[in-house]
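Subject: Structure for you to look at

Dear colleague,

Here is the structure I promised to pass on, and below it you will find my notes on what turned up when I went through it. Please read them with the structure open beside you.

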Amino acid sequence: MPIATTNPATGQVLKTYDAMPDEEIDAAIERADLAYRQLRGTTVDQRGRWLTAAADLLEADRDATARLMTTEMGKTYAAAKAEVTKCATACRFYAANAAAFLADEPADAPAVKATRAFVRYQPIGPVLAVMPWNFPLWQVLRFAAPALMAGNTGLLKHASNVPQTALLLEDLFRRAGFPEGAFTTLLVGSDAVDRILSDPRVRAATLTGSERAGRSIAQIAGRELKKTVLELGGSDPFVVMPSADLDRAAEVATTARCQNNGQSCIAAKRFIVHTDVFDAFAERFAANMSALRVGDPMNDDTDVGPLASEGGRDEIHAQVRDAVDRGATVLCGGEPPAGPGWYYPPTVVTDLTPQMRMWGEEVFGPVAGLYRVSSYDEAIEVANGTNFGLGSNAWTRDPDEQERFATDLDAGNVFVNGMTTSFPELPFGGVKNSGYGRELSALGMREFCNTKTVWVGEGAASAGAGAHAE
Ligand SMILES: O=CCCC(=O)O
């Protein structure tokens, strides 16, 4: 895939880049390693000041950054502005909380026959981040903010269709004051990942992307014995039970499916509805989906912009066609409009069967699958019946059912009477083929720390648990 900015609203190639040669990659890794040695010697307060400066810059440059993201991958300008704001919030969150997250944790010293025992969190070095185009700023920031606060450095291999956003990120951290090399964008293709991750100076990798990309990174990291955090695809269930507030559920379902033009790993994709309320929900949902305005992502009144690539648009249309050819029913949408741009209308498909691609595959666009079930158990069976397990949503006003869904849904996130959303305060990640490890919260920061056990016997000097935070 060429490294290029191509406007999905027009199909026009706006800017292309050559991939970095190997010598430049090696030099960047060297700078990242040197910066790590420098950064780990700074205080958490200092790093917090730099990250706060990054938040200030993000807010000051919000509109221009949002325009760039919209131009590169087609999300609506309104969504892009919200993404920038969310990134600034995450930076402030980690600037404020890193000291607590990194503080020594005292353990029960007498139980382990020590005078003192504690856990200390320390950085591990340069981390490779392989990131996707769908939230081109947020996916990177949610790795970079905790990683830099912990004293690690970052090497970014971003998706090839968002090179300018990738370069903006490097510039952001430099302008915020982080040392040269603390965060570097590598304009490279995926063929360079093996070389980068095999370098002994690179200590770990995080990837948000496809299952195929996750397997590839995990293989290299396995060979090199390096830690990985993987956030892969999802085909999130959205279960609606008879006691649900149907108007609200149908409204949130529409947002949950079509957020980011339908291209979110945690978008609700499979709508599993109890037969008692199926028709009422389906009518509301299809009406809401049909009412969404599809068009130029820069227009304020656009709800759904183009898909990020022609291939992505063709893929979801092929999934819909496959379902229809095998007997599914389209309640709305289902045909891409003529004309320039990679648009696809909000679509609802029902009468799905396990033979259809849509049943088990992730659909990465504004296309909803609607499933009828006749009991709680059947809802759980369908909801858990894919290889994915990222987010999940359950709509019920029955407190017992709420409890049961929280336990029974096989996913990294369960949202009851709401849509799956990432928050800096909450861990984020999946199970099954949706990946492993957690981003965000204290857990996300500690994924790339050495969780060091310190045991001190008789006669030791008095450094110790409680205050230390690098
Ligand atoms: O695409 C997956 C992540 C989406 C989010 O964090 O909101």
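In this predicted model, Arg-215 and Glu-211 are joined by a salt bridge, with 3.0 Å between the closest N and O atoms. The two residues belong to helix α8 (residues 211–224), where they are 4 residues apart and so separated by about one helical turn. Glu-211 counts as partly exposed, because its relative accessible area is 24%, which lies between the limits of 20% for buried and 50% for exposed.

Arg-321 is partly exposed at a relative accessible area of 32%, whereas Asp-325, at 59% relative accessibility, counts as exposed. Elsewhere, salt bridges with shared partners join Asp-61, Glu-170, Asp-171, Arg-174, Arg-175 and Glu-180 into one network, and the structure as a whole holds 35 salt bridges.

I then turned to the sheets. One of them is an open sheet of 7 strands with mixed pairing, in the order β12-β13-β14-β11-β10-β15-β16. Its edge strands, each of which pairs on one side only, are β12 (329–332) and β16 (415–416).

Within this sheet I would draw your attention to strand β10 (residues 236–240), which runs parallel to strand β15 (residues 393–395) and is joined to that strand by 3 bridges. Phe-238 stands opposite Asn-393 in β15. The pairing of β10 with β11 is also parallel and extends over 5 bridges, with Asp-236 standing opposite Ala-268 in β11.

Are the residues of β10 buried or exposed? The strand is mostly covered, and 5 of its 5 residues are buried. Asp-236, Phe-238 and Val-240 point one way from the strand, while Pro-237 and Val-239 point the other way, and all of them are buried. Helix α10 (residues 275–291) lies across β10, β11 (268–274), β12, β13 (347–350) and β14 (367–373), and runs at about 170 degrees to β14.

There is also an open sheet of 3 strands, in the order β3-β4-β18, in which the pairing is antiparallel. Here the edge strands are β3 (105–106) and β18 (449–456), each pairing on one side only. Between β3 and strand β4 (residues 116–123) the antiparallel pairing extends over 2 bridges, and Glu-105 has Val-119 in β4 as its bridge partner.

Finally, some notes on how helices pack against each other. Two packed helices are described by the angle between their axes and the distance between the axes. Helix α3 (residues 62–73) and helix α4 (residues 77–102) pack with their axes 8 Å apart, at an angle of about 125 degrees, which makes α3 oblique to α4. The crossing of α3 past α4 is right-handed. On the α3 side the residues in contact include Arg-62, Asp-63 and Met-69, and on the α4 side they include Tyr-77, Lys-81 and Val-84.

For helix α2 (residues 44–60) and helix α5 (residues 138–150), the axes come within 9 Å and cross at roughly 150 degrees. Since angles over 145 degrees count as roughly antiparallel, α2 and α5 are therefore described as roughly antiparallel to each other. Their contact is made by Val-44, Arg-47, Gly-48 and Leu-51 of α2 together with Ala-145, Leu-148, Met-149 and Ala-150 of α5.

With best wishes

Key
Residues are numbered from 1 along each chain as its sequence is written. This is a predicted model: local features need pLDDT of at least 70, side-chain atom pairs count only at pLDDT 80 or more; totals for chains, interfaces and linings use all residues. Side-chain values use heavy atoms; hydrogens and water are left out. A salt bridge is a side-chain nitrogen of Lys or Arg within 4 Å of a carboxyl oxygen of Asp or Glu. Buried means under 20% relative accessible area, exposed over 50%, partly exposed in between (1.4 Å probe, protein chains only). Two strands pair if DSSP finds at least two bridges between them. Axes are lines fitted to C-alpha atoms, for helices over the stretch in contact, and angles run from 0 to 180 degrees between N-to-C directions. Angles under 35 degrees count as roughly parallel, over 145 as roughly antiparallel, 65 to 115 as roughly perpendicular and the rest as oblique. A crossing is left-handed if the near helix is turned anticlockwise from the far one by less than a right angle, and right-handed if clockwise. Contact means heavy atoms within 4.5 Å.
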